Amino acid sequence: MINDLYNQAMARKKEPKSGSYTNYLFDKGLDKILKKVGEEATEVVIAAKNADKAEIANETADIFYHIAVMLAETGVTPLEVQAVLEERHGKQSNVHDRSEIQEY
Ligand SMILES: N=c1c2ncn([C@@H]3O[C@H](COP(=O)(O)OP(=O)(O)OP(=O)(O)O)[C@@H](O)[C@H]3O)c2ncn1[C@@H]1O[C@H](COP(=O)(O)O)[C@@H](O)[C@H]1O
């Protein structure tokens, strides 16, 4: 999924196309791409808070796309992200509440 979006973004980078939104983002630069990542992340949060499944899917698609554009712009490949996930796979999380602070 992210792979396809990333490959499409890389293709636009290599061969810009008139009217392409991806090229519009690349032309505007990293700050614009990151603003979109932040904006779409907030929209995912609001959609999830409202328990609106269609909107969650819609906004998640938007953030996946903008993340793929960010990866293309920063020179990180989905393969590198995959490697991080694989490194974590099978490791048990050790999450617990921290103990109360007794003295200040
Ligand atoms: N998956 C996406 C995708 N998801 C979201 N978007 C665009 O992201 C934009 C986000 O919408 P917003 O309303 O937040 O943004 P906006 O108001 O249009 O613009 P700004 O806020 O950035 O100024 C929309 O214009 C969507 O079209 C996408 N644009 C492209 N893709 C994929 O990328 C491929 C190449 O697209 P182009 O680069 O446009 O040819 C497409 O075939 C798609 O597969």
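Visitor: How many salt bridges does a search of the whole structure find?
Guide: Welcome! This is a predicted model, where local features need pLDDT of at least 70, side-chain atom pairs count only at pLDDT 80 or more, and totals for chains, interfaces and linings use all residues. Residues are numbered from 1 along each chain as its sequence is written, and side-chain values use heavy atoms, leaving out hydrogens and water. A salt bridge is a side-chain nitrogen of Lys or Arg within 4 Å of a carboxyl oxygen of Asp or Glu. The search of the whole structure finds four.

Visitor: Which residue forms a salt bridge with E73?
Guide: E73 is in helix α4, and its partner is in helix α1, 60 residues apart; helices are DSSP runs (H or I, at least four residues), numbered from the N terminus. The closest N and O atoms of the pair are 2.9 Å apart, and the partner of E73 is K13.

Visitor: How far is a polar side-chain atom of Y21 from an oxygen atom of the ligand?
Guide: Let us take the polar contacts, pairs of N or O atoms within 3.5 Å. For Y21, the distance is 2.7 Å.

Visitor: Which element gives the most to the lining of the largest pocket?
Guide: A pocket is an open set of points on a 1 Å grid over the protein atoms alone, where a 1.4 Å probe fits, with protein on both sides within 12 Å along at least five of seven lines; lining residues have an atom within 4 Å of a point. Among the lining residues are M1, L71 and L85. Both α1 and α5 (78–88) supply at least two residues of the lining. With five residues, the element that gives the most is α5.

Methods
A polar contact is a pair of N or O atoms within 3.5 Å; within protein, one must be able to donate a hydrogen and the other to accept it, and residues adjacent in sequence count only if both atoms are side-chain atoms.
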